Amino acid sequence: MEMFDTLWNFILYAGDFVLHIDVHLFELVEKYGLWIYAILFVIIFCETGLVITPFLPGDSLLFAAGVTAGAGLMGYFEVMGIMLAAGIAGDAVNYCIGRHVGPPIFARENRFIKKEHLLKAHHFYEVHGGKAIILARFIPIVRTFAPFVAGIALMCPTTFFVFNVAGCILWVGSLVSAGYFLGNLPWVRENFSIIVYAIIIISVLPVAIEFIRARMDHKKKAAKSAEGPENE
């Protein structure tokens, strides 16, 4: 029971951290000073580089970091540089892990890696090809698994590097800049939690649409299979 309470409290804290990440980030800057850059690097690196940590904040953290830079508590170019380095390095490590682990990972269940997430990322990669590495940057969960799947698929390292860098520049540049230039407007500050919700929903929307589409296609195929023998 005590373990359950601890886990529940952690979930509540994690949810509060994501929804009020700007406030928490301000507190962390005041508490750790320049070490905040190292903290940001580790979070983004783990979120993009380790397949077991897709739950870490990515989009909202980039936006909040931009807001913090806009408030003068961090440097804009320093934040951009740190986030770009973390995102590019994270995907590169993830790709290398996938390339060395290989296809056997799909053959069995793993307590740390959800097979359904791998399959979704693999399908996303098959549909969009190399540009999936860029598109995946803006989709939570898929963002973490796409480079891993690209490694398993033995995507050309040079091609992956180009898509990796391009995607990271677009992802980090857009969200950090949005936070920097818009984050300190009164209406944004007053509705920051709503904006974070919107960022999360917009980020997850492509996955939800793809899931619904896949379910509908599956039902159609099942219906056709059921009608087949009768028509014959």
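1. Helix 4 passes helix 5 in a right-handed crossing. The handedness is right-handed if the near helix is turned clockwise from the far one by less than a right angle, and left-handed if anticlockwise. Helices (H or I, at least four residues) and strands (E, at least two) are DSSP runs, numbered from the N terminus.

2. The model is predicted; local features need pLDDT of at least 70 and side-chain atom pairs count only at pLDDT 80 or more, while totals for chains, interfaces and linings use all residues. Residues are numbered from 1 along each chain as its sequence is written, and side-chain values use heavy atoms, with hydrogens and water left out.

3. The mean pLDDT (the predictor's confidence in each residue, from 0 to 100) is 77, and 67% of the residues reach 70 or more. Helix 1 (residues 2-19) has the lowest confidence, at a mean of 53, and helix 5 the highest, at 93. Where pLDDT is low, the predicted coordinates should not be read in detail.

4. Of the 232 residues, 40% are buried, where buried means under 20% relative accessible area, exposed over 50% and partly exposed in between, with a 1.4 Å probe and protein chains only. Among contacts (heavy atoms within 4.5 Å) with a separation of 6 or more, 77% join residues 24 or more positions apart.

5. Two packed helices are described by the angle between their axes and the distance between the axes. Axes are lines fitted to C-alpha atoms, for helices over the stretch in contact, and angles run from 0 to 180 degrees between N-to-C directions. Helix 4 (residues 59-70) packs with helix 5 at about 160°, with the axes 9 Å apart. That makes helix 4 roughly antiparallel to helix 5; the classes are roughly parallel under 35 degrees, roughly antiparallel over 145, roughly perpendicular from 65 to 115, and oblique for the rest.

6. Which residues make the contact of helix 4 with helix 5? L61, L62, A65 and A69 in helix 4 meet Y76, V79 and M83 in helix 5. By class, this contact has seven nonpolar, no polar and no charged residues. Here Ala, Val, Leu, Ile, Met, Phe, Trp, Tyr, Cys and Pro count as nonpolar, Asp, Glu, Lys and Arg as charged, and the others, Gly among them, as polar.

7. Helix 5 (residues 76-101) also packs with helix 3 (residues 35-49): the axes come within 7 Å and cross at roughly 30°. Helix 3 and helix 5 are therefore roughly parallel to each other. Helix 3 passes helix 5 in a right-handed crossing. The residues of this contact divide into 13 nonpolar, five polar and two charged.

8. Is G66 buried or exposed? G66 lies in helix 4 and is buried, with a relative accessible area of 0%. Leaving aside neighbours within four places in sequence, G66 is in contact with V176, G179 and Y180.

9. Helix 9 (residues 157-182) holds N164, which is buried at a relative accessible area of 1%. Beyond neighbours within four places in sequence, N164 is in contact with G87, I88, D91, A92, I133 and R137.

10. G167 lies in helix 9 and is buried, with a relative accessible area of 0%. Apart from neighbours within four places in sequence, G167 is in contact with I134 and R137. G167 and A136 are 31 residues apart in sequence and 8.3 Å apart, C-alpha to C-alpha.

11. T159 is found in helix 9 and counts as partly exposed, at 32% relative accessibility. The C-alpha atoms of T159 and G130 are separated by 7.7 Å, at 29 residues apart along the chain.

12. L73 sits in the loop between helix 4 and helix 5. L73 is partly exposed, with a relative accessible area of 39%. Not counting residues up to four places away in sequence, L73 touches F26, V29 and T68. The C-alpha atoms of L73 and E30 are separated by 8.4 Å, with the two residues 43 apart along the chain.
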